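Walk through this protein from its loops to its helices, then on to its rings and its open spaces. Keep the structure in view as you read.

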Amino acid sequence: AGFEGRVSRIGEAFGSNAVMNALDKLGIHCDSTAMPGRIRNDATRSIDWLSTPESPYHPSLADYRIPGTPACSLLEIPMTMLMTRAAYDAEPFPRYLDLSFHPTALREGITAILPKARVIVTVTHPSTVLPNIVSQPHGLISFDIAAFEENLNHLTGECLRMGRPFRFVTLRTCSEIL
């Protein structure tokens, strides 16, 4: 059909050597599935990105979660992880940067992550910024385009305050300039 994928993100942060090697053999240029520092093993999910670096890397053929030699030719661009605190959390918790989260959940995490992150990767599903998708308020996701805009303004405002240059690019472009 003429479709030629260059970028991937595996849902639910699933990863394995077999998946990473298959993506590499398919000619995928970059993937953004990794959630550095995140581990979860329960009845719902089994993920382990505990040893994964926060910066982009070429995954080891022996362990997709870390750089190594020999390595895949594709570039893993990990999702930006930051401390968030949803209304239902007792303590802040590391989650990927989703600009649809309530601004109170993201504000401190955004400010803390900017000085040390080489690349900022955000993920936002369109349905999470639309009103009336859910019947009751959610403790983490805003379902409000105004909250998305507030988070985006905070992110860019903090970059300006810190003197950190920024530009918005797709993952494909990001993989080409790294």
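**From loops to core**

Leu 50 counts as exposed, because its relative accessibility is 52% and the cut-off for exposed is over 50%. Keep in mind that this is a predicted model. Leu 50 is found in the loop between strand E4 (46–48) and E5. Setting aside residues up to four places away in sequence, Leu 50 touches Gly 37, Arg 38 and Ile 39. Leu 23 is 27 residues from Leu 50 in sequence, and the two C-alpha atoms are 21 Å apart in space.

The loop between E4 and E5 also holds Pro 70. A cis peptide bond joins Thr 69 to Pro 70, with omega at about 0 degrees.

The general rule for an α-helix is 3.6 residues a turn, so residues three or four places apart point the same way.

Now look at both ends of H1. In the loop between E1 and H1 lies Glu 12. Glu 12 is not a glycine, yet it has a positive phi of about 60 degrees. Just after H1, Gly 27 takes a positive phi of about 85 degrees.

Gly 27 is also a contact of Gly 5. Leaving aside neighbours within four places in sequence, Gly 5 is in contact with Gly 27 and Ile 28. Gly 5 belongs to the segment before E1. Its relative accessible area is 26%, so Gly 5 is partly exposed. Between Gly 5 and Ile 77 there are 72 residues of separation in sequence and 16 Å in space, C-alpha to C-alpha.

Helix H2 spans residues 103–113, and its buried residues are Pro 103, Ala 105, Leu 106, Gly 109, Ile 110 and Ile 113. Viewed down the axis of H2, they fall within an arc of 140 degrees, so they line one face of the helix. Thr 104, Glu 108 and Ala 112 are exposed on the other side of H2. Strand E6 (81–84) and helix H3 (145–162) are among the elements that cover the buried residues of H2.

Between H2 and H3 runs a loop that contains Asn 132. Asn 132 counts as exposed because its relative accessibility is 75%. Its phi is near 65 degrees, a positive value in a residue other than glycine.

Next, the rings. The model has three aromatic pairs. One of them joins Tyr 96 and Phe 101. Their centres are 6.3 Å apart and their planes are 40 degrees apart, which makes the pair tilted. Both Tyr 96 and Phe 101 are buried. Another pair joins Phe 166 and Phe 168, and this one is edge-to-face, at 5.8 Å centre to centre and 75 degrees between the planes. Are these two buried or exposed? Phe 166 is partly exposed, with a relative accessible area of 37%. Phe 168 counts as exposed, at 57% relative accessibility.

Two arginines lie over rings. Arg 9 is over the face of Tyr 96, at 5.8 Å from the ring centre. The charged end of Arg 65 sits over the ring of Tyr 64, 5.8 Å from its centre.

The largest pocket has a volume of about 660 Å³. It is lined by 23 residues, and the closest to its centre are Val 119, Ile 120, Arg 167, Phe 168 and Val 169. H3 and helix H4 (171–177) are the elements that give two or more residues to this lining.

There are also two cavities of 30 Å³ or more. The largest cavity has a volume of about 80 Å³. Its lining includes Val 119, along with Pro 36, Glu 54, Met 79 and Ala 117. Ile 113, which is one of the buried residues of H2, also lines the largest cavity.

Note on methods:
Residues numbered from 1 in each chain as written. Predicted model: local features only at pLDDT ≥ 70, side-chain atom pairs only at ≥ 80, totals over all residues. Heavy atoms only, no water. Buried < 20%, exposed > 50% of the residue type's maximum accessible area, 1.4 Å probe, protein only. Helix = DSSP H or I, 4+ residues; strand = E, 2+ residues; numbered from the N terminus. Arc of directions from axis to C-beta. Contact = heavy atoms within 4.5 Å. Phe/Tyr/Trp six-rings, centres within 6.5 Å; stacked < 30°, edge-to-face > 60°. Lys NZ or Arg CZ within 6 Å of the ring centre and 35° of its normal. 1 Å grid on protein atoms, 1.4 Å probe; cavity = no way out; pocket = protein on both sides within 12 Å on 5 of 7 lines; lining within 4 Å. Points joined across faces, edges and corners; volume = space filled by probe spheres on them.
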